[in-house]
Amino acid sequence: MAVVAIYSSKGGVGKTTIAANLGWCSAQLSSRRTLLWDLDQTDGAGFMFALEAQRKRQARSLFAGDVAAQTLIQPSTYAGLDMLPADGSLRELDSMLLRMGQRHRIAVLARQLGRSYERIIIDCPPMLNELSAQVMRAATLVIVPLPPSPLSVRALDHVVEEIRRHTRRPPPILPVYSMIDRRRSLHLEALAANPAWPTIPMVSSLEQCAVQRRPIGTFAPRTPAALALMRLWDGIERKLAQIAAAPVQA
Ligand SMILES: Nc1ncnc2c1ncn2[C@@H]1O[C@H](COP(=O)(O)OP(=O)(O)O)[C@@H](O)[C@H]1O
Ligand SMILES: [Mg+2]
């Protein structure tokens, strides 16, 4: 089992778009039993997969142990991909986790979910708080989407610092340039500065995911953006294989 967290301290950088599409890639292209776990109260991932909004607002109860994950998990319309959706109750999750004082609560839940899933992809809220620290402790790998701007690079610095401060064994971080427009010189300079980072183009077909409420691979599979996301997923699988093969440090 591997936990892939899609995280940044900034909003609007492409986290939910990438998380939803990678969830689909994992289930449909790699045939992994995959759970897309939405921890952002705005419920963007559920919206992207056209799930019914949660009327009971029970998402937070999972963390206190009042509700079993199986009660909350919903199948998506895609084989191999299930959703653990968010709702407004997650607004108080951070303060609840602080009160509970269990620093590894999310990691423990992830391990339990890992009995049923090979890949858990977490769509994170744009926060630096106890919730994000707990996600970092649970993550096998952290993907940081980064539009090519100085403010986003600053957000990456925050993530790196956050992970160092809050984890004993920091998970590897993979920055990904999201929303690249090759007509802009600033974007080209950013690409030249970090040529090894994966890139996702800025294209309307990715905006369409939230309009059509399905992953790009289902309606525009041969476009550069769909292929970029597939390549990103392949790279993540390779990285996870390396992490799994690495000797465990004492
Ligand atoms: N590569 C992209 N090209 C064009 N629009 C994008 C791209 N990635 C995300 N968007 C759009 O940008 C907005 C923010 O994306 P979202 O995934 O919700 O970010 P976050 O989860 O970080 O807040 C959405 O309207 C989404 O459709
Ligand atoms: Mg989001």
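Leu51 counts as partly exposed, because it has 18 C-beta neighbours inside 10 Å. On this scale a residue is buried if 20 or more other C-beta atoms lie within 10 Å of its own, exposed if 12 or fewer, and partly exposed in between, with C-beta atoms placed from the backbone. Leu51 lies in the loop between helix 2 and helix 3 (61-64). Helices (H or I, at least four residues) and strands (E, at least two) are DSSP runs, numbered from the N terminus. Leaving aside residues up to four places away in sequence, Leu51 touches Gly46, Gln74, Met83 and Pro85. Contact here puts the C-beta atoms of two residues, placed from the backbone, within 7 Å. Ala69 is 18 residues from Leu51 along the chain, and their C-alpha atoms are separated by 17 Å.

This is a predicted model: local features need pLDDT of at least 70, side-chain atom pairs count only at pLDDT 80 or more, and totals for chains, interfaces and linings use all residues. Residues are numbered from 1 along each chain as its sequence is written, while chains are lettered from A and ligands numbered from 1 in the order in which they are written.

Now turn to the sheet. Two strands pair if DSSP finds at least two bridges between them.

Start with strand 2 (34-38). Five of its five residues are buried, so strand 2 is mostly covered by the cut-off of 20 or more. Thr34, Leu36 and Asp38 point one way, Leu35 and Trp37 the other, and all are buried. In a regular strand the side chains alternate between the two faces of the sheet. Strand 2 runs parallel to strand 4 (residues 81-84), and four bridges join them. Leu36 has Met83 as its bridge partner in strand 4. Strand 2 also runs parallel to strand 5, joined by five bridges. There, Asp38 stands opposite Asp123.

Strand 1 pairs with strand 5 (residues 119-123) in the parallel sense over five bridges. Val3 has Ile120 as its bridge partner there. Strand 1 runs parallel to strand 6 as well, with three bridges. In strand 6, Ile143 stands opposite Ile6.

Val144 stands opposite Pro175 in strand 7. Axes are lines fitted to C-alpha atoms, for helices over the stretch in contact, and angles run from 0 to 180 degrees between N-to-C directions.

Two other helices meet each other. Two packed helices are described by the angle between their axes and the distance between the axes. The axes of helix 7 (residues 130-138) and helix 8 (residues 150-166) come within 9 Å and cross at roughly 75°. Helix 7 and helix 8 are therefore roughly perpendicular to each other. Angles under 35 degrees count as roughly parallel, over 145 as roughly antiparallel, 65 to 115 as roughly perpendicular and the rest as oblique. Ser132, Ala133, Met136 and Arg137 in helix 7 meet Glu162, Ile163 and His166 in helix 8. This contact has three nonpolar, two polar and two charged residues. Ala, Val, Leu, Ile, Met, Phe, Trp, Tyr, Cys and Pro count as nonpolar, Asp, Glu, Lys and Arg as charged, and the others, Gly among them, as polar.

Next come two loop residues. Most residues other than glycine have a negative phi. Ser31 has a positive phi, near 50°. Ser31 is found in the loop between helix 1 and strand 2, and counts as exposed because it has 11 C-beta neighbours inside 10 Å. Asp43 has a positive phi near 60°. Asp43 sits in the loop between strand 2 and helix 2 (44-48). It is buried, with 20 other C-beta atoms within 10 Å.

Finally, the ligand. Of the 16 residues around ligand 1, Gly14, Lys15, Thr16, Thr17 and Leu206 come nearest. A residue is near a molecule or strand if its C-beta atom, placed from the backbone, lies within 6 Å of it. Helix 1 (15-29), strand 7 (173-180) and helix 10 (204-213) each supply at least two residues of the shell. By class, the shell has seven nonpolar, seven polar and two charged residues.
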